[in-house]
Amino acid sequence: MLNRTVRKVAVLAAAMLFAGGAPAQGVEISFYYPVAVGGPITKIVDGLAADFEKDNPGVKVKPIYSGTYQESVVKALTAHKAGEPPVISVLLSTDMYTLIDEGAIIDWSSVAKSAADKAWMKSFYPAFMENSETGGKVWGIPFQRSTIVLYWNKEAFKDAGIDPNQPPENWKELVDYAQKLTKRDASGNVSQWGLQVPSSGFPYWLFQAFTTQNNVVLMNKDGTKTSFDDPKVIEALQFWVDLSRKYKVMPPGIIEWGTTPKDFFERKIAMMWTTTGNLTNVRKNAKFDFGVAMLSSGKRRGTPTGGGNFYLFNKSTPQQQAAALKFVQWVTSPERAAQWGIQTGYVATRPDAWNTPEMKKYAAEFPPAAVARDQLQYAVAELSTHDNQRITKVLNDGLQAALTGAKTPEQAMKEAQREAERLLRSYQRR
Amino acid sequence: MSTRRNPMEPQGLGHALETLGAWVLALLWILPLAYAFWTAFHPPEFATRFDPLAPLSLQNFVNAWNAAPFASYFVNTIILVTMILAAQLVLCTLAAYAFARYAFFGRDVLFMLVLVQLMIMPDVLIVENYRTMAALDLTDTITAIGLPYMASAFGIFLMRQTFKTVPKELDEAARVEGASALQVLLKVYVPLARPVYVAFGLVSVSYHWNNFLWPLIVTNSVGSRPLTVGLQVFSSTDQGIDWSIITAATLMTSAPLLIAFLLFQRQFVQSFMRAGIR
């Protein structure tokens, strides 16, 4: 403790010495990051920080592992309320309104003012920026972002007499293929399901793929209104429910997100929907030939984006903010974005990252890596509103009630909408 | 029936049913642990397939050990639980002694306030506790993880109830012999409450060994984080769960507790029973 006080005094003294002098001297930026994919992510992040420090002497980056996304936002907001938040943090893109409402973050546009900075903020895929801007300001910088894609087992396709290189193009084909792929024994027990769309944890995210494909959006741009009871939303939910009820091609009840890839490896399912973040995992563990495709289209193609953005917390000093900007620009540069995408399986966040030699080589060796990128043109923003945690919970509960058969899709969505309107009323008046 | 039997001991069908019940419960209890053992010691391909001839492997443990600095997490956790338990034992004993044997102004109100603490989930207080730790300049230290738990309401309540059951005559006899208040506490009350201390120690150590959210939030660096925070690296939500590595890591981190329990099992069970009889 004494040691720490001494260090603080020293830092303070140093700050006074350098005040007005050269910027970014002896600046420390703390940086919370969650881990959401397997592999030695903590080591990759520590490596990034060390590389940056080598290129930028005088700036110290202190990465702090902060649990899952949920735990990270709790940790960041708790620290914010106690007056010692991190300088930057990677948090879900959907936490944007919550962080703004809490007064925890400042927009990047107020720090990144030069022409080069402005060009940098425009260099990301527009689909990723949908969740990163509001009111004409940029609040989040895309970092570890993903979309949902379809994985299919080519061997199972061959066995069922389907062309193994033709993934289902639309909902009709999806049902049709899944029916052919579902294997039942004489007594009706299923040994292989046609399709699995996980519904535990965050079913709203997967549901958004169905609604987007049915050509309807779940919320307005300001994050103050939801449209859960739109007839097209109910229709989309009906389709999801029908996959197990009517067509009997998907296991009934709630499907666990975490074990779905395992079911795929074990050939218990022939097709699955899951994040592109799983690509490296599937590549390593699938013992059969598999394919990756865009999700089948309903009225149109569609998927939500997902994942985390960089946020800038507002209790930092101008020097820290300048250093943070430098770090985030460095870590999202085309080369680094490509490297991060290859190491983790996330989608590299900007078009020019795909033109780097490493990425070109990777995409040539492993074409599925580019599927998520090509799907981005059809992608929409992940559900994000004010009071986001509670709104998504309302929707999740409704979805699960419909999937387990406790409520009809119509009843579940009407009730969810009523509850969401109650929660959002105070934000609409502003 | 002519032979003398313990009237409480079930006979015939009752006995068989009770044995069967005990076995079923024991099997259900051991099943997750047995699964963890199976998965941890076999390559990932066998995580969900049972094959008695599957090759054994320690690779999962190696991978888990290398994924996070578990050695320092172990040290931190041990320091943490020892520190908390030591502080709890001292504080709770003194407080409970006062509540049990001294009449002073406001005693019942104070005791009620202590009991109120039992009804509040610690998670609700995270922000306030964090503010306090920040004000004390203690964030990111092991002390900060332990401090909010040291004055344990449960411990005070448990010890007070135990001390109340000690016959007053023993207390008076000791005082007649010239023992001071502190001597009476140490020579009469504490030895008689030993089984309760063991039981409380077990509950406290296992709770703090497993505590997760508060340590994650209040600490930032490897130097102060406990095992549970290190374990969390493996629950990769975006990607599904690698059972082999997670079970290996779980076994590794819970091994000290499991081994300690097996070694001292008899003492633990006995002390719980005695504590219950009182």
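This is a predicted model: local features need pLDDT of at least 70, side-chain atom pairs count only at pLDDT 80 or more; totals for chains, interfaces and linings use all residues.
**Architecture of the two chains and their contact**

Of the 278 residues of chain B, 31% count as buried. Chain B contains 14 helices and zero strands, and its pattern along the sequence is accordingly written as α-α-α-α-α-α-α-α-α-α-α-α-α-α. The radius of gyration of chain B is 24 Å, well over the 19 Å that the globule rule gives for 278 residues, so chain B is more spread out than a compact globule. Taken along the principal axes, the box filled by the C-alpha atoms of chain B is roughly 75 × 70 × 30 Å. Among the contacts in chain B with a separation of 6 or more, 76% are accounted for by residues 24 or more positions apart.

Helix α10 of chain B, formed by residues 194–210, has 17 residues and reaches 24 Å from its first C-alpha to its last, which is close to the 24 Å expected at 1.5 Å a residue. The buried residues in α10(B) include B:Pro195, B:Val196, B:Tyr197 and B:Ala199, and B:Phe200, B:Ser204 and B:His208 of α10(B) are buried as well. Helix α13 of chain B, which covers residues 243–263, holds B:Leu251. When residues up to four places away in sequence are not counted, B:Leu251 touches B:Ala36 and B:Ala40. The C-alpha atoms of B:Leu251 and B:Gly106, by contrast, are separated by 48 Å, these residues being 145 residues apart along the chain.

Chain A has 18 helices and 13 strands. The radius of gyration of chain A is 23 Å, close to the 22 Å that the globule rule gives for 430 residues, so chain A is as compact as a globular protein of that length. The C-alpha trace of chain A spans about 80 × 50 × 45 Å along its principal axes, and buried residues make up 49% of the 430 residues in this chain. Of the contacts in chain A with a separation of 6 or more, 74% are accounted for by residues 24 or more positions apart.

Strand β1 of chain A, comprising residues 27–33, is mostly covered, with six of its seven residues buried. Seven bridges join β1(A) to strand β2 (residues 59–65) of chain A, and the two strands run parallel; within this pairing, A:Ser30 has A:Lys62 in β2(A) as its bridge partner. A parallel arrangement also relates β1(A) to strand β3 (residues 88–92) of chain A, to which β1(A) is joined by two bridges, and here the bridge partner of A:Tyr32 in β3(A) is A:Ser89.

The largest nonpolar core has 79 residues, and those with the most contacts inside it are A:Ile29, A:Phe31, A:Ile88, A:Tyr311, A:Ala324 and A:Val328. A:Phe31 touches A:Val61, A:Lys62, A:Pro63 and A:Ile64, among other residues, as well as A:Pro86, A:Val87, A:Ile88 and A:Ser89, not counting residues up to four places away in sequence. A second, separate core of 73 residues includes A:Ala209, A:Ile269, A:Met294 and A:Val371. In soluble globular proteins, nonpolar side chains tend to be buried together.

A:Tyr97, located in helix α4 (residues 96–101) of chain A, is buried, with 20 other C-beta atoms within 10 Å. The residues that A:Tyr97 touches, not counting those up to four places away in sequence, are A:Gly223, A:Ser384, A:Thr385, A:His386 and A:Asn388. A:Tyr97 and A:Thr224, although 127 residues apart in sequence, are 9.8 Å apart in space, C-alpha to C-alpha.

The contact between the chains takes 24 residues from chain B and 31 residues from chain A. On the side of chain B that touches chain A, α5 (126–135) and α11 (213–218) of chain B each supply at least two residues, and α5(B) gives the most, with five residues. The residues on this side of chain B divide into 11 nonpolar, nine polar and four charged.

How values were computed: Residues are numbered from 1 along each chain as its sequence is written. Chains are lettered from A and ligands numbered from 1 in the order in which they are written. A residue is buried if 20 or more other C-beta atoms lie within 10 Å of its own, exposed if 12 or fewer, and partly exposed in between; C-beta atoms are placed from the backbone. Helices (H or I, at least four residues) and strands (E, at least two) are DSSP runs, numbered from the N terminus. Two strands pair if DSSP finds at least two bridges between them. Two residues are in contact if their C-beta atoms, placed from the backbone, lie within 7 Å. Ala, Val, Leu, Ile, Met, Phe, Trp, Tyr, Cys and Pro count as nonpolar, Asp, Glu, Lys and Arg as charged, and the others, Gly among them, as polar. The radius of gyration is taken over C-alpha atoms; the globule rule is 2.2 Å times the number of residues to the power 0.38. A nonpolar core is a set of buried Ala, Val, Leu, Ile, Met, Phe, Trp, Tyr and Cys residues joined through C-beta atoms within 7 Å. The expected span of a helix is 1.5 Å times one less than its number of residues.
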